[in-house]
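Thanks for making the time this morning. I would like to take you through one chain as a whole and then stop at a single residue in it.

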Amino acid sequence: MRVKSSYLPYFLILPAFAYLLFFVGYPLVQALYIAFTQNGQFSLATVRKTFADPYFWEALKYTLALAGVIVPTQVGLAIILALAVNRAFKGKDLTIYALTIPLTISDVAAGLIWYSMLSPSGFLNKLLLNIGLIHQPIYFFGYQYRHMEFLAIVLAELWRATSIVFVIILAGLQMISNEYLEAAEVFGADYWTRLRKIVIPLLKPSIQSALIIRTLFAMQIFGIVWILAGRDIPILAGEGFYRLTELKEYDVASIYALVIAGLSILLGALYIKFMKAEYLEVRR
Amino acid sequence: MNDETKFMLKRLAFYTFIFTVIAWIIIPIIISTLYGFALPKDYYDPKKVIPTSFTTQYVKTLLFTLGALDGIKNSIIVALITIVISFTLGIPAGYAVAKFIFPGKDTIKLSIVALRMFPIPVMAIPLVVLYIRLNLIDTLLGVALAHTAMALPFVVLITSSIFAGVSTELEEAGMVFGLTRLGSFFRITLPLALPGLAAAAMFTFVMSWNEVFVASILTLSHRTLPAQILSIMAGASGGAAPDYYKFAAAFIMILPAITFIFFARKYLVTMWGITLK
């Protein structure tokens, strides 16, 4: 029953909305207050202190670098996987099930799992040594192997979070009507033409939403990095965490929080500009 | 090369690709599980790729001595409180979005999505100050309140699409036969929406179960499983615990997740719009 003109819907929404507004609004105001005041006075001292710390710029650099490497690879990989799976073949259900397993695996667990794969006496090294491809273990962990640590994080994060992109894109693929494709086929378009002219354009909303959801979450990347590299690879969320829990520097931690918020709002603005809100809803 | 061999080769390439993908997902899980139970002498033996002798010692130590069992308990409590609060607040909102037309509806929906995108660290770090003042610091309720903020937008959107799927005519029929709007909600809409709501609850559970940043910052002695594991496994410089505890920890963390997705996989996937038999 679609009822117009009544206050009832507002009353129904209000509690949830107020709750969210409080948990977003209050921390934001509080963070601004802690970050920009000293002894009750407006002050930029904390900002200067944070910006003077080389770790801050390293963290910013690594957060953006990780997002820049992981997110496009993830989306590309997920598109290939979704296209491969979106047809009838033996073992299709099993494949989709396998691809969705990482959905429920936390970043901490994924970090630990990949540690067991990549550590000096881990599976990969032992396998390669025994086949005879390498003669000494490849070192992925430790400050002097930061590039390899970076690679390990990328591998683990690709393994863990590609499934969510895959699921979003597969859902998008399944919404594309077969009629378009059949019509194109009748007119003689081959697979690549159909892909380029029909599938990819119609898939654009799904790709965009996946891209931006992943980019936003990449700004907060934490558990996987903390497990695999600790502070060898500084990241924004990790530095905020370290400043707060180890050094009890609430003010500096708040700046880190605000920088993450700023980056997210910037990307969120792109998101609102390019997309509609419906993507989270189930469409049949 | 004739067409038939070409076709066979294509098929072979396709199945090789699929097989590689499945192996890429599954092998790390199997390996870390095996290592979780391997004896260190097997694990450090460079000749033994697959360990052959096993022990439950490290998993047990982690569970009973290092507090993983308490972590599991805490995680379950936090997730359950999160489900209760986020559904109490989220179901009315989801219902309103699904069944009413009102001015500002799209703006409200969009704001809810926007709030979902709000980064967790920004929420968690300033909350510490508030929680100290409210005596909520280091309590499971405090973590659950923050997890609710994280899960609520999702609950609103998912429940609204579930309610939208329940036929309006049935509700109207109920009201024609004398039920109030509230009555028809409880007697007709809710029972029909129940499977979908259960799936949404499971997803909420997983979200809370996996979350580590908020839980680590807001608690010290009452940690959820990921927070507990994180504090055992990684000091500030990383790599604090011996390898075999790391493997045991990976096993403890993924076991519930894998069990869960086995039971819930149908819902998890359909919620995102995919049909999987």
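This is a predicted model: local features need pLDDT of at least 70, side-chain atom pairs count only at pLDDT 80 or more; totals for chains, interfaces and linings use all residues.

Residues are numbered from 1 along each chain as its sequence is written, chains are lettered from A and ligands numbered from 1 in the order in which they are written, and side-chain values use heavy atoms, with hydrogens and water left out.

Chain B has twelve helices and zero strands, where helices (H or I, at least four residues) and strands (E, at least two) are DSSP runs numbered from the N terminus. Its C-alpha trace spans about 75 × 75 × 30 Å along the principal axes. Of the 277 residues, 56% count as buried, that is, under 20% relative accessible area, with exposed being over 50% and partly exposed in between (1.4 Å probe, protein chains only).

Now to the leucine. Leu66(B) sits in the loop between helix H3 (57-65) and helix H4 (68-99) of chain B, and because its relative accessibility is 30%, Leu66(B) counts as partly exposed. Leaving aside residues up to four places away in sequence, Leu66(B) touches Thr61(B), Gln228(B), Ile232(B) and Tyr245(B). Phe163(B), by C-alpha positions, is 44 Å from Leu66(B) in space and 97 residues from it in sequence.

Notes. Contact means heavy atoms within 4.5 Å.
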